[in-house]
Amino acid sequence: MNWKFKEDSILINYNEHTPCKEIFQAVCDEIGIYYTQKGWKYARSRPKITFKNSDLKIEIAFWSSGSNTPGDFVNLEILPYISSIELINNLKSKGYILSFIDLFTERLDNEPDGSKMIINAFGGKIKRVDEYKRTPELVYNKNVNVYGVTESDFEKLINFIESRVNIWTSRINDIKEIDSFLKKLTDDAKQRLIENDFGKLIKMKFPDYKME
């Protein structure tokens with residue numbers, strides 16, 4: 001990608017006194033620049049990027065946090081939602097098929113009960129034990145600290161969005177990819193998807209596929 005911030009970008013001209021909201025907005029604007037070049041729409045006032053084709057509508061909203069700390073921590077929260085145009089047109093439903101809950105969590109194999117591996121958009125990993133959940137989980141953290149973000153970090157952030165969310169622009173028409181996705185989910189997460197509009201869509205598109 002070899003992404004470069006513009007010379008007048010706040011992302012290369014701020015310090016520990018710069019308000020967190022300005023840094024957050026600058027990161028969102030940079031994401032907006034990248035995706036508008038690819039045909040997406042960017043809403044700046046409540047930062048969000050939107051994509052739509054004949055199959056899907058993808059909305060990715062960006063939020064921050066009240067716990068931001070000048071000179072140390074600026075939270076960027078990535079909140080994607082994917083809707084099916086086919087369901088909207090054929091079933092007259094809202095068509096919501098996937099959210100960050102489904103896109104950012106997988107089953108973690110070969111680990112003790114309660115194990116949780118958390119990976120953020122920059123590749124940082126944390127391993128912990130969740131005493132309230134027995135099924136081991138791999139969680140792709142929807143939150144990342146963008147204070148001090150570099151051009152290399154920004155590329156990782158874009159790759160995170162592409163690999164976890166935007167891959168569905170092609171995946172939605174590939175039953176092998178869908179099957180692989182479902183097999184990585186926990187049993188509870190898979191059952192929830194089977195019972196909601198995601199399940200309705202797969203039955204419509206691939207009537208011979210058995211979601212079990």
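**Figure 1. Aromatic pairs in the predicted model.** The structure holds 12 aromatic pairs, a pair being two rings of Phe, Tyr or Trp (its six-membered ring) with centres within 6.5 Å. Planes under 30 degrees apart count as stacked, those over 60 as edge-to-face and the rest as tilted. The rings of tyrosine 35 and tryptophan 40 form a tilted pair, because their planes stand at 55°, with centres 4.9 Å apart. Tyrosine 35 and tryptophan 40 are both buried; buried means under 20% relative accessible area, exposed over 50% and partly exposed in between (1.4 Å probe, protein chains only). Ring pairs also join Trp3, Phe5, Tyr34, Tyr35, Trp40, Phe51 and Phe154 into a cluster. The model is predicted, so local features need pLDDT of at least 70 and side-chain atom pairs count only at pLDDT 80 or more, whereas totals for chains, interfaces and linings use all residues. Residues are numbered from 1 along each chain as its sequence is written, and side-chain values use heavy atoms, with hydrogens and water left out.

**Figure 2. The ring pair of tyrosine 81 and phenylalanine 100.** The ring centres of tyrosine 81 and phenylalanine 100 are 6.2 Å apart and the planes lie at 85°, so this pair is edge-to-face. The pair links distant parts of the chain, with tyrosine 81 in strand E4 (residues 75-84) and phenylalanine 100 in helix H3, 19 residues apart. Helices (H or I, at least four residues) and strands (E, at least two) are DSSP runs, numbered from the N terminus. Tyrosine 81 counts as partly exposed because its relative accessibility is 35%.

**Figure 3. Arginine charges over aromatic rings.** A charge sits over a ring if NZ of Lys or CZ of Arg is within 6 Å of the ring centre and within 35 degrees of the ring normal. The charged end of arginine 164 is placed over the ring of tyrosine 140, at 3.9 Å from its centre. Arginine 171 lies over the face of tryptophan 168, 5.0 Å from the ring centre. Tryptophan 168 belongs to helix H5 (residues 168-171) and is buried, with a relative accessible area of 0%.

**Figure 4. The largest pocket.** On a 1 Å grid over the protein atoms alone, a pocket is an open set of points where a 1.4 Å probe fits, with protein on both sides within 12 Å along at least five of seven lines. Lining residues have an atom within 4 Å of a point. The largest pocket contains about 290 Å³ of space, the volume being the space filled by probe spheres set on the points, which are joined across faces, edges and corners. Its lining comprises 15 residues, of which Lys133, Glu137, Thr186, Asp188 and Ala189 lie nearest the centre. Helix H3 (100-103), strand E9 (137-140) and helix H7 (187-195) are the elements that give two or more residues to this lining. H7 gives the most, with 4 residues. By class, the lining has 4 nonpolar, 3 polar and 8 charged residues; Ala, Val, Leu, Ile, Met, Phe, Trp, Tyr, Cys and Pro count as nonpolar, Asp, Glu, Lys and Arg as charged, and the others, Gly among them, as polar.

**Figure 5. The second largest pocket.** About 160 Å³ of space lies in this pocket. Among its lining residues are Phe24, Arg44, Arg46, Lys48, Phe62 and Trp63. Helix H1 (20-36) and strand E3 (56-63) are the elements that give two or more residues to the lining, and E3 gives the most, with 3 residues. The lining has 5 nonpolar, 3 polar and 3 charged residues.

**Figure 6. Cysteine 20 and cysteine 28.** A search of the whole structure finds 0 disulfides, a disulfide being a pair of cysteine sulfur atoms within 2.5 Å. For cysteine 20, the nearest cysteine sulfur is that of cysteine 28, 13 Å away. Cysteine 20 is buried, with a relative accessible area of 10%, and cysteine 28 counts as buried at 0%.

**Figure 7. Asparagines with positive phi.** Most residues other than glycine have a negative phi. Asparagine 2 has a positive phi near 55°; this residue is in the segment before H1 and is exposed, with a relative accessible area of 59%. Asparagine 110 has a positive phi of about 60°. Asparagine 110 is placed in the loop between strand E6 (105-107) and strand E7 (115-119) and counts as exposed at 79% relative accessibility.
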